[in-house]
Amino acid sequence: MALVTSLARETQPERQPDGNSQSSAEQSSADRYSRQVLFRGIGAEGQRKLAAARVAIVGCGATGSALAGLLARAGVGTLRIIDRDYVEPSNLQRQSLFDEADAAESLPKAIAAARKIAAFNSQIVIEPKVDDLVPANIEALLQGIELILDGTDNFETRYLINDYAVDRSRPWIYSAAVGSYGLTLNVVPAQTACLACIFPDSPRGMVETCETSGILNSAVNLVASIAATEALKLLVGGDAETHMRRTLLSFDVWTNEHSEISAAKPRPDCRACGERDFVHLAGEGRPHITLCGRNSVQIHERERPIDFAEMELRLQPHGVVRHNDFVLKFWHDPYEMTLFPDGRAIIKGTTDTAVARSLYARYVGS
Ligand SMILES: [Zn+2]
């Protein structure tokens, strides 16, 4: 919370000592959302519900940025942004909350997103969490959240979210974009199909990723716009919720091909929502080290608090090293290691987990 306050303070103008701050805040809030309140599907009551809502966005890359930007401007009262990664120049083509300064600083995406949002809407609460959502921390990271939005880039995390959401009867919205097409599905446990009803297992072998197929920013924005609108319907509830889409929708913005698969009902023999077997939530067989795209490996350490100043001194003889409050970067040709304060690391320049583990052991600790 201290971070949220300081982020807001950086960007808010000085308050006027006129004693009317509350009424002027209410006035400015009414003015800010006036065009949205005029829309019949939302109205004044819907806007109040949005202000009271608590939404988590898991993953703040391209889709997560677009979702967070739309919902923050729409006045969703609390947005918790969970992301494990940092901003890089190759993100700027599509990740709308970040700029060149964020990439130059290698700022964690959650922090950069919170700063950017505070600059255009200081009236809502942003809770940035620089973390990788895993079975061990999902309870804490999604505490008090009523709707979960998917901004991730991998099925492992999506199945984890699906297990958690079905187990706790909490709605979530799946969104994905790659190449020129996007996919999205609303999951309302016990009412609609869940992710595992439609895809019982993670697709293997043929999975396209942004690293192999590229991505159009317009495909991202289309899918995020649809998912953000579905989120508004669920948060406003009542009549708005009756308009919720009950299909898995896919749309290709390049070929204009689109399709919808019914997701109106849960599948009775579904592993997750039928048999209530939450293997992903149990975290069985979860590796300590994982590949995380773009020629890099992540070391899932989280109980090794790092003193960045001390670590910088230790690493200086071995390569180029610099740090800010949030990340430490260490270049040791041909590798680039990004270290987070809890000991987690992303090592770029290899897909060999043994090489990554040995670099980490040598320079950080085994
Ligand atoms: Zn299911």
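The protein contains 15 helices and 14 strands. Both are DSSP runs numbered from the N terminus, with helices (H or I) of at least four residues and strands (E) of at least two. The model is predicted: local features need pLDDT of at least 70, side-chain atom pairs count only at pLDDT 80 or more, and totals for chains, interfaces and linings use all residues. Residues are numbered from 1 along each chain as its sequence is written, and side-chain values use heavy atoms, with hydrogens and water left out.

Of the 366 residues, 51% count as buried. Buried denotes under 20% relative accessible area, exposed over 50%, and partly exposed the range in between (1.4 Å probe, protein chains only). The accessible surface comes to about 17200 Å². Carbon and sulfur atoms hold 52% of that surface. These areas come from the Shrake-Rupley method with a 1.4 Å probe; for residues, only the protein chains shown count as cover. Among contacts (heavy atoms within 4.5 Å) with a separation of 6 or more, 65% join residues 24 or more positions apart.

Eight strands form an open sheet with mixed pairing. Their order is β3-β2-β1-β4-β5-β6-β7-β8. Two strands pair if DSSP finds at least two bridges between them. β3 (125-130) and β8 are the edge strands, each pairing on one side only. Direction ignored, neighbouring strands of this sheet are turned by 15° against each other on average. For this angle, axes are lines fitted to C-alpha atoms, for helices over the stretch in contact; angles between N-to-C directions run from 0 to 180 degrees.

Strand β1 (residues 54-58) pairs with β4 (residues 147-150) in the parallel sense, over four bridges. Within this pair, I57 has L149 of β4 as its bridge partner. Strands β5 (residues 172-178) and β6 pair in the antiparallel sense over seven bridges. S175 is bridged to T184 in β6. The two strands form a hairpin with two residues between them. In the turn, G179 has a positive phi of about 60°.

Strand β6 (residues 181-187) is mostly covered, with six of its seven residues buried. β6 also pairs with β7 (residues 247-252), in the antiparallel sense and over four bridges. There, G182 stands opposite F251 in β7. In a regular strand, side chains alternate between the two faces of the sheet.

Helix α7 (residues 109-120) lies across β2 (78-83) and β3. The helix runs at about 165° to β3. Residue D102 lies in helix α6 (residues 100-105). D102 counts as buried because its relative accessibility is 7%. Leaving aside neighbours within four places in sequence, D102 is in contact with V87, L97, L107, A112 and K116.

The zinc ion has four cysteine SG atoms as protein donors, from C194, C197, C270 and C273. They lie 2.2 to 2.3 Å from the ion. Donors are N, O and S atoms within 2.8 Å of the metal (3.2 Å for Na, K and Ca); water is not among the atoms, so sites may look incomplete. The site is tetrahedral, with angles of 96 to 121° among its four donor atoms. Four donors count as tetrahedral if all angles lie between 85 and 135 degrees. The ideal angle for four tetrahedral donors is 109.5 degrees.

Along the chain, the donors follow the spacing C-x2-C-x72-C-x2-C. C197 lies in helix α10 (residues 195-198), and C270 in the loop between β8 (258-262) and α13 (279-282), so the pair ties together parts that are 73 residues apart in sequence. Both C197 and C270 are buried.

Terms used
Four donors count as tetrahedral if all angles lie between 85 and 135 degrees; four count as square planar and six as octahedral if opposite donors are over 155 degrees apart and all others between 65 and 115; anything else is irregular.
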